[in-house]
Number of protein chains: 4
Amino acid sequence: MSYSIAILGASGYTGAELIRLIARHPSIEIKALGAFSKAGQTVAQVYPHLRHLDLPAMVPFDQIDWSGIDLCFCALPHKTSQEVIRDLPKSLKIVDLSADFRLRDPEAYQKWYGNPHSAVEMQGEAVYGLTEFYRDEIAGARLVAGTGCNAATGQFALRPLIAAGVIDLDEIILDLKAAVSGAGRALKENLLHAELSEGYHAYALGSTHRHLGEFDQEFSKVAGRDVHIQFQPHLIPANRGILGTAYVRGDAQAVHDTLAAAYDDEVFVEVLPMGEAPSTRHIRGSNFCHIGVVPDRRPGRAIVIAALDNLTKGSSGQALQNANLMLDISETEGLMMAPLFP
Amino acid sequence: MSYSIAILGASGYTGAELIRLIARHPSIEIKALGAFSKAGQTVAQVYPHLRHLDLPAMVPFDQIDWSGIDLCFCALPHKTSQEVIRDLPKSLKIVDLSADFRLRDPEAYQKWYGNPHSAVEMQGEAVYGLTEFYRDEIAGARLVAGTGCNAATGQFALRPLIAAGVIDLDEIILDLKAAVSGAGRALKENLLHAELSEGYHAYALGSTHRHLGEFDQEFSKVAGRDVHIQFQPHLIPANRGILGTAYVRGDAQAVHDTLAAAYDDEVFVEVLPMGEAPSTRHIRGSNFCHIGVVPDRRPGRAIVIAALDNLTKGSSGQALQNANLMLDISETEGLMMAPLFP
Amino acid sequence: MSYSIAILGASGYTGAELIRLIARHPSIEIKALGAFSKAGQTVAQVYPHLRHLDLPAMVPFDQIDWSGIDLCFCALPHKTSQEVIRDLPKSLKIVDLSADFRLRDPEAYQKWYGNPHSAVEMQGEAVYGLTEFYRDEIAGARLVAGTGCNAATGQFALRPLIAAGVIDLDEIILDLKAAVSGAGRALKENLLHAELSEGYHAYALGSTHRHLGEFDQEFSKVAGRDVHIQFQPHLIPANRGILGTAYVRGDAQAVHDTLAAAYDDEVFVEVLPMGEAPSTRHIRGSNFCHIGVVPDRRPGRAIVIAALDNLTKGSSGQALQNANLMLDISETEGLMMAPLFP
Amino acid sequence: MSYSIAILGASGYTGAELIRLIARHPSIEIKALGAFSKAGQTVAQVYPHLRHLDLPAMVPFDQIDWSGIDLCFCALPHKTSQEVIRDLPKSLKIVDLSADFRLRDPEAYQKWYGNPHSAVEMQGEAVYGLTEFYRDEIAGARLVAGTGCNAATGQFALRPLIAAGVIDLDEIILDLKAAVSGAGRALKENLLHAELSEGYHAYALGSTHRHLGEFDQEFSKVAGRDVHIQFQPHLIPANRGILGTAYVRGDAQAVHDTLAAAYDDEVFVEVLPMGEAPSTRHIRGSNFCHIGVVPDRRPGRAIVIAALDNLTKGSSGQALQNANLMLDISETEGLMMAPLFP
């Protein structure tokens, strides 16, 4: 059985990553590619690294014939995404990679993103796309909201611990090191090679990063009470990768046991042996998340470190994982490639 | 039909790359991994990025049971390779990634590598593993010698031009920019991040690089006369990639036409439209080679630029491509992954 | 004796580099900083790395009081520069870092830059600012045109050879590897860290780079006949540095002797021992240019490799060197800092 | 008045950085350079970037004539350093850059470094070289122990806060991001460009880094009670720089006020305006330390971020700052160079 999909916003990094993954998928076919400013160009023009593929040209959204398309990936900027998705055929399954349907509460959305939501009615319908924790809902969903890449990293490290109550819920600090492709293809001075190389720094200072909206929503839901972590991300001179270092209060062995049990059956989340830590060089270009647990010298404190590729497991890989579920394909199909090393 | 293979020298970069590729191959199974200093360790210990794979442990070579193994990849240092291969079962098909069987002439081998060859009798038997040009011989070979990564890049750019006589054979200059993984996992000061990052430079000065032995052998053979190019490589602060810039005398359009015709049926070698040039960011982690042709402002002069990933098309990808042929599997099997971008 | 200077275009990389150098100069004081879009900001806002300095705020050009200012550095985009300089007080000494006054011939300017020159009368007056070769003219000049950074690199490698006639003037190829700060602070996709890191490539294909206008002018002048080299630059994932590899015909020893003699008395240009090659890591942040000569395996052919820092010796350092001469200060004042390594 | 100095261990990164700085110092002259394995070589051979300098050759330690030398910098590995320093003339002033004399307590030394101290009698004499906090003792000292580069970063961020009691002493977490030159010129796989570039990770897991010995000693001394922070460093793909992110409990404004007051008269430590954060790109190659304070969204919690160059303010720059004091030279002499940007 083969399925047909479309990708809207195909000219950004997450769009390109979707194409990379789906091009090798045995039962999904790319039928349409939608773009704004680059509409009218071929994929080879926009992405010379994909020139060997036989793909449809990039077209304006309104030129896409939706009949015969089973699922649509939306890799659009937030705010744009909700406006586009609102008007898509209701029969279409949708995986949204933007921030627009991650938050269930319209007020939370407005607080973190600064504008009222223009498809409030769909917010309730959307399923939060953290596959390992919403597998059943995703399988039955029409609209799945891909998580933030930082939000995914933090949740893989912390969510089972919060659910199990093995750490102090009021004392969670997440210090995150993000590679630059997570910022997208935006033309900003601090993303230039001349400035970022040899120039790393914190951003979204003092727990102001928008992905905190997701942490608050999800961690509070799991805990059954309000949980508000501290979260400070940093921009690192690397292309792909997120390394999240979480400082928690709890017994390190219990922390490790809890994570090991939580992910025991998971293909893509690997808990390293106690005392080992992951590196971004070991997950690059793959859909794997590596998690390490380290006891601190101070008893009762542990460090949990999670590493994943922001464009794969943090975004497009997870999106495909969700699409597989929604289309009743094997969840790991097209996603088992090994990391690129070195 | 499924085949069993072994990899000797599994702990180096080309060995890791072989595992990355073969792990997803539908009809080849890794049955044994041989190592020297890292024998006794699991793959997950040596290569944490491969920890999700169910692979045999690394063992000393003499503990490998060769019965039932169809083909062996040797990813060993040169000189060691010939000694090991000499003693392997004669029934075994072998793809050697070292330099040991690239040169047919024992004297040429000694000239470029500094030691007499210790398996001279096998030098004659070996087939030069530049797949696109030795396809039939490789399919029937028992021992195939993988090409040098720089040698492959230069030959993809130049070989059809030399064969067709559309360029002046005495006026070929190849200026090459090589990423650092081509130097292997050797611990040398100039390969340290602190020194190479922001510190690029020429090496193997004045056409002294050993891959010239391959250029001389192959280009002279194709031309039917001696051809001795100038070749100056440079080390670039990047992990993967080779960019070769060849300065040739000839009509640019004829050069482009010749290359386009030569690779018209080739899956892995893409000739860009006239006047476009490739980038290493568009072939990273893939088995593709991109070639561009540019006319110079001086009439009768052209620039040919080729880009490939030294560990994939330049080494382990090509090795698998050859193994596919030797095992009568589709040549592209396991090799059609798209490049990793960004 | 102390001199007062102004910098126009202080918010670009070359402007920042001028401030870095002049801030430690014992006899030059920065009196005014002119900017366009960043006018009104303090230096600390625009350049936090200069926040320890006590500098005037950035102001619009028309707010600068030119009385009492001895010399003005113009670090503006080309075309803008000529319009601004045309209207500056005629009593002011000027060092222009743009391309606007490098070419003496208005037609050559229009050919390479695409627009007619709007200060043709000043083109004749300007002195070409390659200090080591125009020292006397620069000392007496009112307007000095800083060279292109690539143009400087190529001339340091080749100019004495062309002047001495020790190489074949019709067979010169310059393959250049440029770090990204030479492209300025422009917001372009290929300058993003995510794209340039791991993604190097040729640009200005087939001898179309504008700095060829300078090569043609200067090499032809020195040779007393037309000289048109081939010149292909490449963009490298590094912040600072230019490495130029020149392929020439001539006796390598004669080439080395000629360069060694030419720069024997020069403080900033170092000719390495025969057979050694420079690296960008050995000149970073300094005003030094290192030159190496290597014989090729083919008799009568040599390779000349020159390395310098595009922002220092290639631009702002050279500009200060020229200003020192124009103000009758010791030429090396403020420029003897050692390279930053690693 | 001019002073003569020697550098032992001149062939490592901190030795090279000392030469870079002292070469431009108006009143200090390098009289001897001592090395082990590279003895007998010239500086130009070991460090081509210093080839323009007229420096003594590198000699074995026992060939150095100590008469006429006022001060010796020891840039040796720890353990070696104590053995060498023990036997130096007692009249010599010494600035040690190793870890050997940082800890006053022989047991603490043995705990963190694993071997008994072989110059215990000198441990008591040594002054801890964090200039801004030990200025008077350093001025009168014979032996000054340079601080660890990570230890310096953490102390600049935290020491005034601990002294002032404006933060909770039991709840201090320091998450540090260190560039690779801090690991020295050691040949290790994880320091190779191919592995570190795109591969960042934590090391010295769970507060096991040796610099914690310094934090414990100094913070406890300042607090008048035991203070044991959590400290987790990470290795980042950059050459120079340390960014320390400290998570503290206390009023952010009080934290900022305390730091601003503490460093108000300090030339090299700059406290940024409230709410701003530093970047390593703004201190590279300089002796400056930038500190930012950010309130967290959770009341009563603040983030303090400090950035410095590990080789300059974190090591050799600070060493020179101390030497200036010991020789009664202006403390900032030779150290006011602006950072290299970009």
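Good morning, everyone. Let me start inside chain D, where D:Ile5 stands opposite D:Leu71 in E4(D). A word on what you are looking at: this is a predicted model, so local features need pLDDT of at least 70, side-chain atom pairs count only at pLDDT 80 or more, and totals for chains, interfaces and linings use all residues. Residues are numbered from 1 along each chain as its sequence is written, while chains are lettered from A and ligands numbered from 1 in the order in which they are written.

Back to that strand. Helices (H or I, at least four residues) and strands (E, at least two) are DSSP runs, numbered from the N terminus, and two strands pair if DSSP finds at least two bridges between them. Strand E1 (residues 3-8) of chain D runs parallel to E4(D), joined to it by four bridges. E4(D) is also joined by four bridges to strand E5 (residues 93-96) of chain D, again in parallel, and here D:Leu71 stands opposite D:Lys93. Between E4(D) and E5(D) the chain passes through helix H3 (residues 80-86) of chain D, in a right-handed β-α-β crossover; right-handed means that, with the strands pointing away from the viewer, the path from the first strand over the helix to the second runs clockwise.

Buried means 20 or more other C-beta atoms within 10 Å of the residue's own, against 12 or fewer for exposed and partly exposed in between, with C-beta atoms placed from the backbone.

Now over to chain B, for a second sheet. Seven strands form an open sheet there, in the order E9-E10-E8-E11-E14-E13-E12, with mixed pairing. Its edges are strand E9 (201-202) and strand E12 (269-271) of chain B, each pairing on one side only. Within this sheet, strand E8 (residues 173-179) and strand E10 (residues 230-236) of chain B pair in the parallel sense over seven bridges, and B:Asp175 has B:Gln232 as its bridge partner in E10(B).

On to how the chains meet. For chains D and A, 43 residues of chain D are in contact with 43 residues of chain A (contact: C-beta atoms, placed from the backbone, within 7 Å). Among the elements giving two or more residues to chain D's side are strand E8 (173-178), strand E11 (242-249) and strand E14 (301-308) of chain D.

One residue shows another contact between chains. B:His52 lies in the loop between helix H2 (43-46) and strand E3 (58-59) of chain B. Why does B:His52 count as buried? Because B:His52 has 20 C-beta neighbours inside 10 Å. Leaving out residues up to four places away in sequence, B:His52 touches A:Glu270 and A:Phe288.

Terms used. Two residues are in contact if their C-beta atoms, placed from the backbone, lie within 7 Å.
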